[in-house]
Amino acid sequence: MSNPGARVTVALLGGGTVGSQVARLLRETADDLSARVGASLELCGVAVRDTGRERADIPADLITGDAEALARSGADVVVELVGGIEPARTLVLAAMESGSSVVTANKALLAADGAALHAAAEKYGVDLYYEASVAGAIPLLRPLRESLAGDKVRRVLGIVNGTTNFILTRMDEQGTDYAVALAEAQALGYAEADPTADVGGHDAAAKAAILAGLAFHTRVTIDDVHVEGVESVTAVDVAAAREMGFVIKLLAVAELTADERGVVVRVHPTMVPRTHPLASVRDAFNAVFVDAEAAGDVMFYGRGAGGAPTASAVLGDVVAVARNRRSGSRGPGESTYADLQVRPVAEAITRYYVNLHVTDKPGVLAAVATLFAENGVSIQNVRQEGLGDQASLVVRTHLAPDAALARTIEALHGSDVVRDVLGVMRVEGEAGR
Ligand code: NAP
Ligand code: HSE
């Protein structure tokens with residue numbers, strides 16, 4: 001029941017792709033939101049860089065160029081949608097120091113400096129919520145933090161970057177050129193201000209760090225994540241995957257090591273069987289599997305990028321924080337009690353696909369197989385294609401430590417029966433994993 005006259009003030013830092021949609025939804029759904037919170041949510045200012053630009057979704061009298069003053073205005077909730085590290089970090093810390101709870105979608109900042117932000121929230125007794133920072137509209141962080149709090153997570157695996165999933169979908173289904181698909185993703189508002197964060201895998205790595213921290217109750221930063229982007233994925237790789245019944249996805253994987261005392265967090269292009277549910281996650285959609293001991297596999301799916309979907313997650317946090325302010329409570333803080341070691345990708349257990357251009361003479365297959373065996377990697381199957389100068393071997397391995405697979409690739413590069421290593425990619429989603 002709404003208390004007449006009760007209000008919760010909301011200051012918006014950033015009025016771009018996401019911020020403009022938050023402003024629009026705050027206005028269009030004001031009655032419902034105030035009924036849910038028990039007080040009206042009042043937008044008290046929107047900070048942008050270019051105050052001269054006309055903005056359809058933001059009332060002109062609320063726009064300001066002074067983000068710092070708005071952050072320090074003492075609003076009940078400050079929503080940070082500027083992005084990047086600075087000035088976002090200074091603004092968020094200033095808001096907390098001024099007693100405001102903070103909602104942010106800024107995965108780059110959280111993955112770089114989450115510990116300092118959580119410490120500030122603790123110090124000033126305010127909330128820090130960030131559901132929209134990972135996988136856009138999909139409710140994922142709250143389920144990890146709350147619904148699965150009684151279980152033990154073993155592995156988190158999924159597609160967490162909409163831009164690269166959009167690009168890879170276009171390359172796979174329409175043969176679209178990489179650069180053309182990226183330009184389309186940018187025009188649709190999926191990409192970061194600097195799209196190299198998307199295509200280089202850094203956006204997904206930031207999200208993987210946040211997911212790993214929550215899943216394993218351990219502090220993980222972006223520097224702990226092994227990252228490979230999609231820039232090197234070629235039309236040839238996409239076609240090879242298709243021919244084998246696979247599709248290429250940029251996956252984020254965070255998992256316990258075999259001894260359960262460590263975690264490995266990685267982001268890289270991955271071959272996934274077309275029969276796997278992740279293969280049918282198209283365009284800017286995201287999907288994440290959480291494998292927990294008692295629950296088994298839980299899958300989260302939805303729109304991973306774009307203004308309105310992301311604004312939905314932001315507003316969910318605004319409502320939660322507003323309710324906390326009204327009741328004088330706070331949401332859960334950072335949980336890092338497990339303090340697991342973050343281990344290198346070399347300790348991950350993976351499968352590889354390897355495409356080799358080989359000399360066409362007797363004994364080549366045996367020589368290649370020997371190199372795999374010498375490095376402790378068992379071959380699942382081999383297919384020979386072409387003849388003479390065009391001869392190639394496509395090898396798929398069984399599960400092996402990533403370090404052993406990397407050593408094998410190095411040995412193949414140095415072998416006199418291998419003319420060229422045409423493609424190497426990790427494989428996920430086959431039976432057993
Ligand atoms: P955006 O379109 O580039 O918007 C950024 C906004 O911040 C703009 O309004 C910009 O002003 C303003 N701004 C930038 N620097 C400023 C400064 N120094 N002072 C005041 N205002 C400043 O970015 P976005 O796509 O909305 O993303 C915002 C955040 O959400 C980022 O952290 C991003 O990673 C995250 N996110 C985005 C999506 C998505 O699909 N776009 C999804 C999930 C999370 P001008 O308008 O004047 O340039
Ligand atoms: N640039 C990001 C993406 C936005 O493409 O997934 C959502 O975080």
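**Sheet, domains and salt bridges of the predicted model**

Arg7 stands opposite Ser40 in strand β2, where strands are DSSP runs of E of at least two residues and helices are runs of H or I of at least four, both numbered from the N terminus. The model is predicted, so that local features need pLDDT of at least 70 and side-chain atom pairs count only at pLDDT 80 or more, whereas totals for chains, interfaces and linings use all residues. Residues are numbered from 1 along each chain as its sequence is written, chains are lettered from A and ligands numbered from 1 in the order in which they are written, and side-chain values use heavy atoms, with hydrogens and water left out.

Strand β1 (residues 7–13) runs parallel to β2 (residues 40–47), and seven bridges join the two. Leu12 has Val46 of β2 as its bridge partner. Two strands are taken to pair if DSSP finds at least two bridges between them. The pairing of β2 with β3 is also parallel and comprises two bridges; here Ala47 is opposite Thr64 in β3. Six strands make up an open sheet with parallel pairing, in the order β3-β2-β1-β4-β5-β6. Its edges are formed by β3 (63–64) and β6 (128–129), each of which pairs on one side only. Helix α12 packs on this sheet and touches β1, β2, β4 (77–80), β5 (101–104) and β6, contact meaning heavy atoms within 4.5 Å. The direction of α12 makes about 170° with that of β5; axes are lines fitted to C-alpha atoms, for helices over the stretch in contact, and angles run from 0 to 180 degrees between N-to-C directions.

Helix α12 comprises 21 residues (307–327) and should span 30 Å at 1.5 Å a residue, which agrees with the 30 Å between its end C-alpha atoms; the expected span is 1.5 Å times one less than the number of residues. Glu260 belongs to the loop between β9 (246–256) and β10 (262–273). In the loop between β4 and α4 (88–97) lies Pro87, and the peptide bond from Glu86 to Pro87 is cis, with omega near 10°.

The protein chain is divided into domain 1 (7–136 + 307–327), domain 2 (141–302) and domain 3 (348–427), with bounds from an automatic or database domain assignment. The centres of domain 2 and domain 3, taken over C-alpha atoms, are separated by 26 Å. Domain 2 contributes 16 residues to the contact and domain 3 contributes 13 residues. About 1100 Å² is buried between these two domains, 62% of it given by carbon and sulfur atoms; buried area is the accessible area (1.4 Å probe) that two parts lose on being put together, summed over both.

Two salt bridges are counted between domain 2 and domain 3, a salt bridge being a side-chain nitrogen of Lys or Arg within 4 Å of a carboxyl oxygen of Asp or Glu. Glu243 forms a salt bridge with Arg383, with the closest N and O atoms 4.0 Å apart. The structure holds 35 salt bridges. Among them is the pair of Asp203 and Lys107, whose closest N and O atoms are 3.2 Å apart. This pair links distant parts of the chain, with Asp203 in helix α10 (residues 202–216) and Lys107 in helix α5 (residues 107–124), 96 residues apart.
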